[in-house]
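Thanks for coming. I will go through a few local features of one model, taking them in turn. Please have a look at the structure first.

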Amino acid sequence: TKVAHWFHPKDLRIQDNKGLHHASELAQSSKKPLVCVYINCPADESWHGTSPARVDFMCEGLKIMQKELQELNIPLVFLECEDRKKIVPTVIEWFKKQNVSHVFSNFEYEIDELRRDIKLVKESGDDIQVSIYHDQTIVEPGTMMTGNGKPMKIFTPYHKKWLAIIKEEPELLDTVPPPTANPSSFKKELKDLFDTTPPKPASDKQFSSPDEKKRIRKLWPPGHAAASKRMDAFLKHIDTYASTRSNPALDSTSRMSPYFSAGMLSMRSTLQKVSDYNNSSADFSENKAKSGVYAWVREIVFRELYRQTTMCTPHTSMNLPQNLKFEFVQWEDDEEGWEKWYKGTTGEPFIDAGMRQLAAEAWMHNRLRMNVSSYLYCNLLLDYRRGERYFAETLIDWDLSNNTQGWEPSWTVFNPVSQAEKNDPSGDYIRKWVPELAHLEGKAIFAPYERLPKEEFEKLEYPQPHVNWKKTKQRCMERFKRDMHDA
Ligand code: FAD
């Protein structure tokens with residue numbers, strides 16, 4: 001018999017992978033071979049709307065993993081599955097064929113993925129044992145409770161408690177070793193498992209051009225080694241993170257999100273690196289941590305909280321807002337506005353710059369994500385879920401928890417002009433992504449239609465604003481007030 005680890009799209013690494021590590025330990029102690037498996041299900045990717053950039057990133061990452069595992073005489077087998085409902089029967093059939101006695105994997109917290117794992121446990125029968133580990137976060141989702149015994153949802157108390165836990169239990173950052181090589185005596189038994197080919201992106205998940213493929217791969221080299229290198233480079237300037245992160249022109253954030261969302265670098269090893277930098281201390285609190293560390297780890301804590309939210313409020317992975325009152329808002333049907341939004345031609349320079357960065361890089365700076373989402377559902381009053389889906393279809397770092405929580409509607413209406421003036425004071429971010437405005441000087445770049453003489457604006461080949469910000473803010477407030485109520 002054999003021991004298996006089943007990789008999912010969020011644990012694509014062999015280093016510091018809990019499920020894989022425990023599988024390897026059992027294989028060693030019971031003197032069985034370790035085999036790994038990944039189910040390629042394009043229908044599942046289409047269901048989630050996964051972007052071509054992300055599918056390519058995962059496929060390339062899997063190729064790297066297959067090679068790394070092969071060096072350890074461990075096969076990584078790719079199974080194809082056409083129907084997402086058949087994932088579990090497909091994998092169980094394979095386990096049975098391979099005489100697998102024990103399967104390991106890591107939890108994914110979205111409702112369908114949790115149901116998949118329950119099904120695995122129920123249907124694998126007495127001959128196959130299943131062990132699933134918490135591996136995506138430092139603090140297990142579902143364990144941070146309020147005084148009333150309910151899962152915490154509010155960031156500030158969650159953050160405070162999280163910092164205290166890590167300070168008291170720095171061993172939570174301890175990493176586990178990569179798997180041990182299969183002994184060469186298993187070579188013959190495993191021979192046929194080494195020649196499955198890594199998946200390729202399905203026909204509807206292809207890049208639009210070879211140029212795009214080249215550009216995206218260069219921006220986001222896949223795999224654990226690339227992730228680790230990027231994290232090390234970021235630590236060299238983390239000290240300026242707090243003061244520079246909101247300025248998108250400075251591009252000073254880590255750009256680690258694609259790696260975290262695919263699990264190419266574990267959160268334990270990431271924070272272990274941060275703690276080494278932080279004078280070997282896991283005290284990441286505001287007054288104790290080195291400059292930049294507090295602010296950066298705070299973002300990681302958002303990521304941790306959002307996994308708890310996904311697990312404890314499953315309706316958030318079923319196309320429903322966390323605050324169900326928003327479900328009753330009657331959204332507008334402005335197709336022209338929608339098209340201008342995603343093409344980056346709304347006539348609001350900050351918004352257009354963000355959307356054009358997304359199209360070019362399959363990634364967008366957080367400040368812009370906040371602004372373009374607010375503009376879509378507050379000013380255009382379009383259903384926020386259209387934007388949420390569009391992000392899934394374009395972002396390389398798409399992550400259901402971060403994306404649905406990021407798109408959770410709220411009453412805050414961002415003003416793209418004052419937001420740009422505050423966060424992009426030089427206008428350089430707008431200059432980079434909206435070249436039609438690159439030559440403008442002074443404050444005209446933030447609101448060219450309002451601030452330039454008519455004849456000058458007309459020379460720009462840049463559209464006038466699709467909507468009046470002030471009036472649409474008013475409309476939004478009235479609509480939310482009118483429609484939001486309890487079920
Ligand atoms: P850094 O500033 O270097 O932060 C480090 C890490 O912390 C990030 O890689 C990410 O894992 C986490 N993080 C940072 N900000 C947030 C946040 N606001 N919420 C949760 N985690 C955070 N992030 C995704 O990973 N995938 C998404 O699909 C996604 N969609 C979003 C949609 C909207 C509307 C909004 C407002 C935010 C969204 N975010 C998403 C969160 C955030 O914008 C990105 O994580 C961040 O911009 C990634 O850049 P970075 O790696 O340079 O971040």
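Just after helix 3, Asn73 has a positive phi of about 60 degrees. Before I go on, this is a predicted model, in which local features need pLDDT of at least 70, side-chain atom pairs count only at pLDDT 80 or more, and totals for chains, interfaces and linings use all residues. Residues are numbered from 1 along each chain as its sequence is written. Helices are DSSP runs of H or I with at least four residues, strands are runs of E with at least two, and both are numbered from the N terminus.

Helix 3 itself covers residues 52-71. The expected span of a helix is 1.5 Å times one less than its number of residues.

Most residues other than glycine have a negative phi. Arg255 is a residue other than glycine with a positive phi, near 55 degrees. Arg255 sits in the loop between helix 10 (241-244) and helix 11 (257-262). Asn319 is not a glycine either, and its phi is positive at about 65 degrees. Its loop runs between helix 13 (293-312) and helix 14 (335-343).

Are these two buried or exposed? By the cut-offs used here, a residue is buried if 20 or more other C-beta atoms lie within 10 Å of its own, exposed if 12 or fewer, and partly exposed in between, with C-beta atoms placed from the backbone. Arg255 has 17 C-beta neighbours inside 10 Å, so Arg255 counts as partly exposed. Asn319 has 11 other C-beta atoms within 10 Å and is therefore exposed.

Now the helix pairs. Two packed helices are described by the angle between their axes and the distance between the axes. Axes are lines fitted to C-alpha atoms, for helices over the stretch in contact, and angles run from 0 to 180 degrees between N-to-C directions.

Helix 4 (residues 87-97) and helix 5 (residues 111-123) cross at roughly 40 degrees, and their axes come within 10 Å. The two are therefore oblique to each other; angles under 35 degrees count as roughly parallel, over 145 as roughly antiparallel, 65 to 115 as roughly perpendicular and the rest as oblique. Which residues meet? Ile87, Val88 and Ile92 in helix 4 are in contact with Arg116, Lys119, Leu120 and Glu123 in helix 5, where contact means C-beta atoms, placed from the backbone, within 7 Å. By class, this contact of helix 4 with helix 5 has four nonpolar, no polar and three charged residues. Ala, Val, Leu, Ile, Met, Phe, Trp, Tyr, Cys and Pro count as nonpolar, Asp, Glu, Lys and Arg as charged, and the others, Gly among them, as polar.

The other pair is helix 15 (residues 349-361) and helix 16, which pack at about 115 degrees with axes 9 Å apart. That makes helix 15 roughly perpendicular to helix 16. Phe350, Ile351, Gly354, Met355 and Gln357 in helix 15 meet Leu368, Asn371, Val372 and Tyr375 in helix 16. Here the classes are six nonpolar, three polar and no charged residues.

Helix 16 spans residues 366-379 and includes Asn366. Asn366 counts as partly exposed because it has 14 C-beta neighbours inside 10 Å.

Last, Gly442 lies in the loop between helix 20 (428-433) and helix 21 (448-451). With 8 C-beta neighbours inside 10 Å, Gly442 counts as exposed. Gly442 and Ser426 are 16 residues apart along the chain, and their C-alpha atoms are separated by 8.4 Å.

Terms used: Two residues are in contact if their C-beta atoms, placed from the backbone, lie within 7 Å.
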